Amino acid sequence: MDPRLQAALDRWDCSEPLPLSGDAGARQYFRVEHPHLGTALVVLYPPKPEKGDDPFYDYRALQAYLDPVLRVPTIIQVSDEDRCLLVEDLGDLTLERRLMLHPEEELRWAGEVAEQLATWLGLLTEGAPTRAFFMLRQFDREKFAFEWAFCRDNFFRDFLQLDPPRWLDRLMEELHAALVPRARHLAHRDFHVRNLMVHGDRLVTIDFQDARRGAATYDLASILFDGYWDWSEEAGLLLTGRVAEELGWSLPLLWEELNLSALQRNLKALGTFGHQLVHRRKAHFAPAVPRTLRHVLGHFQRMNHGDGVLAAEHWIRLSRQRLLGV
């Protein structure tokens, strides 16, 4: 047993640690028996990074900012020395799972998601201190370049085993240049149906420690073109309509930016899926690849980008072949 986990069990009088699958990050999650709460989660963070953001402290600061406005997990105890948290146990029912079990509830939950999107764009953006660390970091050229390089390496070269076409490099440079000056709204940064938990009759937002300023359509793109769920047309209209209403934009104006955000976001996600499949052997990410590529195909179709349409169709066929070997 990790000595930090044992120290947490002793310190907080917990027992029976059960490892959970966690997310795509390096954090470790354990469900434990708690003497007063029934169960809780112990979250172990990796060592402090030598440079850059520290998710251990970022999570706690953002939790304190979001908690009065959004339903987020309650932090029960903290150990700075061992870089671990004792956190409220929300159960295992993600929004993805709830929708799979009760597809008839889709419009109800789409409405809840739409209100959360409006909250990030409105109250949480407007109320954020201008010098808060999460408002000082943003989707800039450096961040976009890093994410595109990660996609090139992990999805195209390692997973598909080919280099992306040169025209796509040029397109991504143009897309990044268009999105950088639009980074004016606080974005969750990983807003999808596996990062929303259903607890009772409410949605609870998790995994928000990477929040930063981004385009108004960034989180909308993340969940509307989700790698884990296909929304109905009616649900999609609920999501886009509420965001357009909050921003005071027309739907054509919204889609002008949304196409850019969605293509960037989905390619970033494909980099993550490729890394998880090839390097970490996490096969449960496999279904997200063809779904995300179908989204990419749709983006190119709306952009009337012929080369993109042909390329995306080829990537879909090739990904199916690769997944047979995962």
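Predicted model: local features only at pLDDT ≥ 70, side-chain atom pairs only at ≥ 80, totals over all residues.

Mentor: Searching the whole structure for disulfides turns up zero. Take Cys14: it is in no disulfide, and the nearest cysteine sulfur, that of Cys84, is 10 Å away. A disulfide would need the two sulfur atoms within 2.5 Å. Looking from the other end, Cys84 is in no disulfide either, with the sulfur of Cys14 as its nearest cysteine sulfur at 10 Å. Now for how covered they are. Buried means under 20% relative accessible area, so Cys14 counts as buried at 9%, and Cys84 counts as buried too, at 0%.

Next, the sheet. Five strands make up an open sheet in the order S1-S2-S3-S5-S4, and the pairing is antiparallel. Strand S1 (15–20) and strand S4 (75–79) each have a single partner strand, so they stand at the edges with one side left without a neighbour in the sheet. From one strand to the next, the twist averages 25 degrees. Further in, strand S2 (residues 28–34) and strand S3 (residues 38–44) pair in the antiparallel sense over seven bridges. Among the residues there, His34 has Gly38 in S3 as its bridge partner.

Helix H1 (residues 3–12) packs on this sheet, touching S1, S2, S3, S4 and strand S5 (84–88). The direction of H1 makes about 55 degrees with that of S5. Finally, helix H2 (residues 55–66) lies across S4 and S5, and it runs at about 150 degrees to S4.

Technical notes: Residues numbered from 1 in each chain as written. Heavy atoms only, no water. Pairing = 2+ DSSP bridges. Helix = DSSP H or I, 4+ residues; strand = E, 2+ residues; numbered from the N terminus. Axes fitted to C-alpha atoms, helices over the stretch in contact; angles between N-to-C directions. Contact = heavy atoms within 4.5 Å. Buried < 20%, exposed > 50% of the residue type's maximum accessible area, 1.4 Å probe, protein only.
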